[in-house]
Amino acid sequence: MKFFIDTANIGEIREANALGILAGVTTNPSLVAKEGVSFHDRLKEITSEVEGSVSAEVISEDAEGMIKEGKELAAIAPNITVKVPMTLEGLKAVKAFSDLNIKTNVTLVFSANQALMAARAGATYVSPFLGRLDDIGHNGVELIAQISDMFDIHGIETEIIAASVRHPTHVTDAAMSGAHIATVPFKVFQQIVKHPLTDQGIEKFLNDWNNQK
Ligand code: E4P
């Protein structure tokens with residue numbers, strides 16, 4: 001499983017990229033709004049920083065509007081992936097982008113059937129939302145496993161991005177359930193790296209080193 005970072009914050013993106021683990025970035029309108037910057041300017045900054053896929057979401061609700069917006073976003077840089085919501089209009093737009101060789105990430109996926117429809121429309125990625133499913137008492141990780149099995153059975157090449165990742169266990173579970181990618185908030189990257197035994201071990205090694213005879 002590869003790692004994307006789920007943020008529009010350029011500082012977080014740079015820090016994660018410096019770790020050498022970053023295969024891409026996902027943004028969404030809420031994450032961009034939090035930054036209070038021009039969406040296009042921020043996408044230019046992100047795409048010049050990160051080589052991998054950078055998901056930029058359309059806000060139109062009709063296919064025509066999505067296609068117009070998506071074309072403008074895709075013109076910003078070759079590594080832009082147009083993020084499209086999982087709706088009937090979204091599927092029409094995904095098909096149009098696929099015909100234009102523009103990569104797509106179908107977002108707000110909450111069922112295996114939605115993932116199958118998105119894949120058949122030509123989506124490059126589908127993003128099932130783990131945390132938001134868990135929030136309503138469903139099992140987000142089970143959905144990843146189901147989509148993964150379904151795509152394997154039918155030889156579907158669309159990649160699964162585990163999204164709405166809230167804690168380190170989601171990351172392990174997504175990897176073990178067959179997600180190709182997890183898009184992870186910066187805070188969760190910091191949590192993953194940390195282990196109290198690692199910290200204790202470093203402290204002991206340094207103490208022993210400094211107290212040697
Ligand atoms: C995915 O691409 C979304 O940006 C994101 O993972 C949503 O996460 P949230 O449910 O924590 O808002």
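A quick definition before the points: a residue is called buried if 20 or more other C-beta atoms, placed from the backbone, lie within 10 Å of its own, exposed if 12 or fewer do, and partly exposed in between.

1. **What you are looking at.** This is a predicted model, in which local features need pLDDT of at least 70 and side-chain atom pairs count only at pLDDT 80 or more, while totals for chains, interfaces and linings use all residues. Residues are numbered from 1 along each chain as its sequence is written.

2. **Confidence.** The chain has a mean pLDDT of 97, with 100% of its residues at 70 or more; pLDDT is the predictor's confidence in each residue, from 0 to 100. For the complex, the predictor gives a pTM of 0.96 and an ipTM of 0.97.

3. Follow the strands (DSSP runs of E, at least two residues, numbered from the N terminus) and you will find 8 of them closing into a barrel in the order 1-2-3-4-5-6-7-8, with parallel pairing. From one strand to the next, the twist averages 25°. Two strands count as paired if DSSP finds at least two bridges between them. In general, strands of a sheet pair through backbone hydrogen bonds.

4. **Strands 1 and 8.** Strand 1 (residues 2-6) pairs with strand 8 (residues 181-184) in the parallel sense, over 4 bridges. Here Phe3 stands opposite Ala182 of strand 8.

5. **Two helices on the strands.** Helices are DSSP runs of H or I, at least four residues. Helix 4 (residues 63-74) lies across strand 3 (53-57) and strand 4 (80-85), at about 160° to strand 4. Helix 8 (residues 140-153) lies across strand 6 (125-128) and strand 7 (159-162), at about 155° to strand 6. The angles run from 0 to 180 degrees between N-to-C directions, with axes fitted to C-alpha atoms, for helices over the stretch in contact; contact means C-beta atoms, placed from the backbone, within 7 Å.

6. **The ligand shell.** Residues around the ligand include Asp6, Arg132, Phe129 and Ala163; the cut-off is a C-beta atom, placed from the backbone, within 6 Å. The shell divides into 7 polar, 2 charged and 2 nonpolar residues. Asp, Glu, Lys and Arg count as charged, Ala, Val, Leu, Ile, Met, Phe, Trp, Tyr, Cys and Pro as nonpolar, and the others, Gly among them, as polar.

7. **Two backbone angles to check.** Most residues other than glycine have a negative phi. Asn101 has a positive phi, near 60°, and sits in the loop between helix 5 (88-99) and strand 5 (104-109). Asn101 is exposed, with 7 other C-beta atoms within 10 Å. Leu108 also has a positive phi, of about 60°, but its place is in strand 5. Leu108 is partly exposed, with 19 other C-beta atoms within 10 Å.

How values were computed. Contact = placed C-beta atoms within 7 Å.
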